[in-house]
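Hi everyone, thanks for coming. Please have the sequence and the 3D view open, and we'll walk through them together.

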Amino acid sequence: MALIEILHFPDPRLRKKAIPVDKVDDQIRQTVNDMFETMYAAPGIGLAATQVNIQQQIIVIDVSEDKSAPVCLINPKIITKDGEEEMQEGCLSVPGIFETVRRAENITVQALDQQGVEYTLDAEGLLAVCIQHEMDHLDGKLFVDYLSPLKMQRIKKKMLKMKKLDASEQHNGSQSANII
């Protein structure tokens with residue numbers, strides 16, 4: 001297994017739509033394993049393939065406290081949704097930012113598992129919100145898209161500033177290493 005780099009907003013690759021997986025094979029299973037490892041290491045509770053620059057409809061989720069309930073959704077489709085709730089959301093692609101988003105409270109999703117077997121999952125609460133959040137990623141949408149344009153612009157500026165600081169620290173670190 002391997003850690004995969006997570007893209008950060010406003011990276012334009014996060015806006016690409018994922019394509020369906022044709023066949024669940026060993027390569028897809030390896031991608032799923034790498035995504036789980038990346039998600040747990042981040043740490044996070046959900047990760048869509050598009051967040052790691054893989055343009056396929058793959059999602060991994062684990063909302064349990066002890067990392068004991070991994071869920072893999074390949075080619076997910078929401079077949080029913082009802083209710084409405086607001087929940088504070090964050091995102092591995094928008095680190096350090098948390099905002100309230102309104103989503104369906106209960107959903108039923110149909111997907112393939114890591115072995116390529118089709119199944120249906122009824123989800124509520126945090127799991128339902130997480131699935132909807134990750135499915136948005138597959139459509140090139142981020143949770144910041146639910147916010148006002150002003151809030152989104154502020155977050156974008158903050159993320160770009162963080163990126164510049166990271167690049168500057170890495171550059172300064174490499175110069176120091178060359179001096180020694």
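**A helix across the sheet**

Let's start with H1, which lies across S1, S2 and S3 and runs at about 40° to S2. Lying across rests on contact, meaning heavy atoms within 4.5 Å. The angle is taken between axes, which are lines fitted to C-alpha atoms, for helices over the stretch in contact, and it runs from 0 to 180 degrees between N-to-C directions. The helix and strand names come from DSSP runs, numbered from the N terminus: helices are H or I with at least four residues, strands are E with at least two.

A word on where this comes from: this is a predicted model, where local features need pLDDT of at least 70 and side-chain atom pairs count only at pLDDT 80 or more, while totals for chains, interfaces and linings use all residues. Residues are numbered from 1 along each chain as its sequence is written, and side-chain values use heavy atoms, with hydrogens and water left out.

**The sheet itself**

In what order do the strands of the open sheet come? There are 5 strands, in the order S1-S2-S3-S6-S7, with antiparallel pairing. Strands S1 (46–48) and S7 (118–124) stand at the edges with a single partner strand each, so one side of each has no neighbour in the sheet. From one strand to the next, the twist averages 40°.

Two strands count as paired if DSSP finds at least two bridges between them. S2 and S3 pair in the antiparallel sense over 4 bridges. If you click on isoleucine 59, look across to S3 for its bridge partner, leucine 73.

Helix H2 (residues 125–138) lies across S1, S2, S3, strand S6 (106–112) and S7, and runs at about 120° to S7. How many of the 14 residues of H2 are buried? The count is 13, so H2 is mostly covered. Here buried means under 20% relative accessible area, exposed means over 50%, and partly exposed is in between (1.4 Å probe, protein chains only).

At 1.5 Å a residue, its 14 residues should span 20 Å, and the end C-alpha atoms are 21 Å apart, which agrees. The expected span is 1.5 Å times one less than the number of residues. After H2 comes glycine 140, with a positive phi near 80°.

**What sits inside**

Now for the nonpolar cores. A nonpolar core is a set of buried Ala, Val, Leu, Ile, Met, Phe, Trp, Tyr and Cys residues joined through side-chain atoms within 4.5 Å. The largest one has 19 residues, and Val32, Leu47, Ile58 and Ile74 touch the most other members. Helix H1 (26–41), strand S2 (58–61) and strand S3 (71–82) each supply at least two residues of this core. H1 gives the most, with 6 residues. Apart from this core lies another, of 18 residues, among them Ala48, Leu73, Val109 and Ile131.

Back in helix H1, we find threonine 31. Threonine 31 is buried, with a relative accessible area of 13%. Beyond its neighbours within four places in sequence, threonine 31 is in contact with Ile54 and Ile58.

**One aromatic pair**

How many aromatic pairs does a search of the whole structure find? It finds 1. The rings of phenylalanine 36 and tyrosine 40 have centres 6.0 Å apart and planes at 20°, so the pair is stacked. Rings of Phe, Tyr and Trp (its six-membered ring) pair if their centres lie within 6.5 Å; planes under 30 degrees apart are stacked, over 60 edge-to-face, and the rest tilted. Both residues, phenylalanine 36 and tyrosine 40, lie in helix H1, 4 residues apart, about one turn of the helix. An α-helix has 3.6 residues a turn, so residues three or four places apart point the same way. Phenylalanine 36 and tyrosine 40 are both buried.

**Backbone details**

Finally, some backbone spots to look up. A cis peptide bond, with omega about 10°, joins phenylalanine 9 and proline 10, and proline 10 sits in the segment before H1. The bond from alanine 42 to proline 43 is cis as well, with omega near -10°; proline 43 lies in the loop between H1 and S1.

Asparagine 53 is not a glycine, yet has a positive phi of about 60°. Asparagine 53 is in the loop between S1 and S2 and counts as partly exposed, at 36% relative accessibility. Asparagine 75 has a positive phi too, near 55°. Is asparagine 75 buried or exposed? With a relative accessible area of 13%, asparagine 75 is buried, and its place is in strand S3.
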